[in-house]
Amino acid sequence: MSSEAPRPGTSDHSNTLIGKAFESIRKDIIASELKPGEKLRIAQLRTRYGVGTSPLREALSRLVSEGLVTARGQRGFWVPPVSVEDNEDIVETRVVLETYALRASIEQGDDEWEGQIVGAYHNLHRVEQRFAEEPSGSFAEWWERNRLFHEALIAACPLKWLLRFQHIVFDLHNRTHRSSMQSPNLSPDLFEDHRLIMEATLARDAKKAVELLECHIRRPPEPTGE
């Protein structure tokens, strides 16, 4: 993750370049700008991101540890394919991590935590309100504000390693969603979920909030047409 401490033997400048490459490649993989199964050629990445070979290789190695890049021996790096089996595994893992973190946050959270949830929901809801009229212009912004809302919900969980793993799994889940979507078309049910989850969380109703969150995580992002 970009917030980790510099590694021994690397300069601040080098770590800045590595961090820049890490965040840029990560963002493009999650958004499917770099497609599942695509080979990540160093020469092309240097041109695309304006970063040298060594920082790119270090950034790719870090992304391997998060499951967003696959290394194949001496053959190079690839964006991992997306499969139904992997997605089911990711969903179940996210349910376990995020519902535990939400329950712990409801038990431990203070007024400041509640305020962060309200603020994150407000920012997310503003995008959701204009989504029907501006789907293309709002799509990328919605994914980012959705991430920030979910992070706010569980921010009071005291288990920092759990939050770190949840962050990784959340990114993997978003990647599988976005790689399968043909257009910027999000289900309004997702938007209503957010309001209900926020209200149950602020009411300190852990049972209801966790049930709503689990259903939300399992919900397809696109309208089902039912």
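Where is the place of S32? In this predicted model, S32 is found in the loop that runs between α1 (12–30) and β1 (39–40). The backbone at S32 has a positive phi of about 65 degrees, although the residue is not a glycine. Most residues other than glycine have a negative phi. With a relative accessibility of 6%, S32 counts as buried, because buried means under 20% relative accessible area.

A positive phi is also found at R204, another residue other than glycine, where the value is near 60 degrees. R204 is placed in the loop between α8 (188–202) and α9 (206–218). The relative accessibility of R204 is 31%, so this residue counts as partly exposed.

Helix α9 also contains H216. This histidine has a relative accessibility of 6% and therefore counts as buried. When residues up to four places away in sequence are not counted, H216 touches H150, L190, D193, H194 and I197.

Helix α7 was examined for its length and its covering. The helix comprises residues 160–180, 21 residues in total. From its first C-alpha to its last, α7 reaches 31 Å, which is close to the 30 Å expected at 1.5 Å a residue. Helix α7 is mostly covered, as 15 of its 21 residues are buried.

Note on methods:
Residues are numbered from 1 along each chain as its sequence is written. This is a predicted model: local features need pLDDT of at least 70, side-chain atom pairs count only at pLDDT 80 or more; totals for chains, interfaces and linings use all residues. Side-chain values use heavy atoms; hydrogens and water are left out. Helices (H or I, at least four residues) and strands (E, at least two) are DSSP runs, numbered from the N terminus. Buried means under 20% relative accessible area, exposed over 50%, partly exposed in between (1.4 Å probe, protein chains only). The expected span of a helix is 1.5 Å times one less than its number of residues. Contact means heavy atoms within 4.5 Å.
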